[in-house]
Amino acid sequence: MKATVNEDCIGCGLCESTAPEVFAIGDDGLAHAIEEEVPEAAEDAAQEACDGCPVTAIELD
């Protein structure tokens, strides 16, 4: 599974708090995927972050 955050991100921090091993808030105040490939153990948390994103900025493939 790969994670990306698109330009719709508003930097609310939900993804970072839900899946800190996958997402982090950068110096620009927006979320970024720490690594493009999601660790298998973090796939459920990444999906939860994706489903909870208020602006649907997270994309999982």
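Modeller: Let's start with burial: a residue is buried under 20% relative accessible area, exposed over 50%, and partly exposed in between (1.4 Å probe, protein chains only). In this chain of 61 residues, 31% count as buried. This is a predicted model, in which local features need pLDDT of at least 70, side-chain atom pairs count only at pLDDT 80 or more, and totals for chains, interfaces and linings use all residues. Residues are numbered from 1 along each chain as its sequence is written, and side-chain values use heavy atoms, with hydrogens and water left out.

Colleague: Fine. How many helices and strands does the chain have?

Modeller: Helices (H or I, at least four residues) and strands (E, at least two) are DSSP runs, numbered from the N terminus. Here there are two helices and four strands, and they run β-α-β-β-α-β along the sequence.

Colleague: What does the radius of gyration of the chain agree with?

Modeller: It is taken over C-alpha atoms, and the globule rule is 2.2 Å times the number of residues to the power 0.38. For 61 residues, a compact globule would come out near 10 Å, and the chain has 10 Å, so the two agree. Its C-alpha trace spans about 25 × 20 × 20 Å along the principal axes.

Colleague: And contacts: what share of those with a separation of 6 or more join residues 24 or more positions apart?

Modeller: Contact means heavy atoms within 4.5 Å. The share in this chain is 55%.

Colleague: Now the inside. Which residues touch the most other members of the largest nonpolar core?

Modeller: The general idea is that nonpolar side chains tend to be buried together in soluble globular proteins. A nonpolar core is a set of buried Ala, Val, Leu, Ile, Met, Phe, Trp, Tyr and Cys residues joined through side-chain atoms within 4.5 Å. The largest one here has 17 residues, and Val22, Phe23 and Ile58 touch the most other members. Helix H2 and strand E4 (58-60) are the elements that give two or more residues to this core, and H2 gives the most, with four. Beyond four places in sequence, the contacts of Val22 include His32, Ile34, Val38 and Ala46.

Colleague: Can we pick a residue in H2? Is Ala49 buried or exposed?

Modeller: Ala49 sits in helix H2 (residues 43-52) and counts as buried because its relative accessibility is 0%. Setting aside neighbours within four places in sequence, Ala49 contacts Leu14, Cys15, Thr18, Phe23 and Ile58.

Colleague: Last one, a polar residue. Which side chain does the side chain of Asn6 make a polar contact with?

Modeller: A polar contact is a pair of N or O atoms within 3.5 Å; within protein, one must be able to donate a hydrogen and the other to accept it, and residues adjacent in sequence count only if both atoms are side-chain atoms. For Asn6 the partner is the side chain of Glu59, at 2.9 Å. Asn6 lies in the loop between strand E1 (3-5) and helix H1 (14-18), and with a relative accessible area of 17%, Asn6 is buried. Leaving out residues up to four places away in sequence, Asn6 touches Thr56, Ala57 and Glu59.
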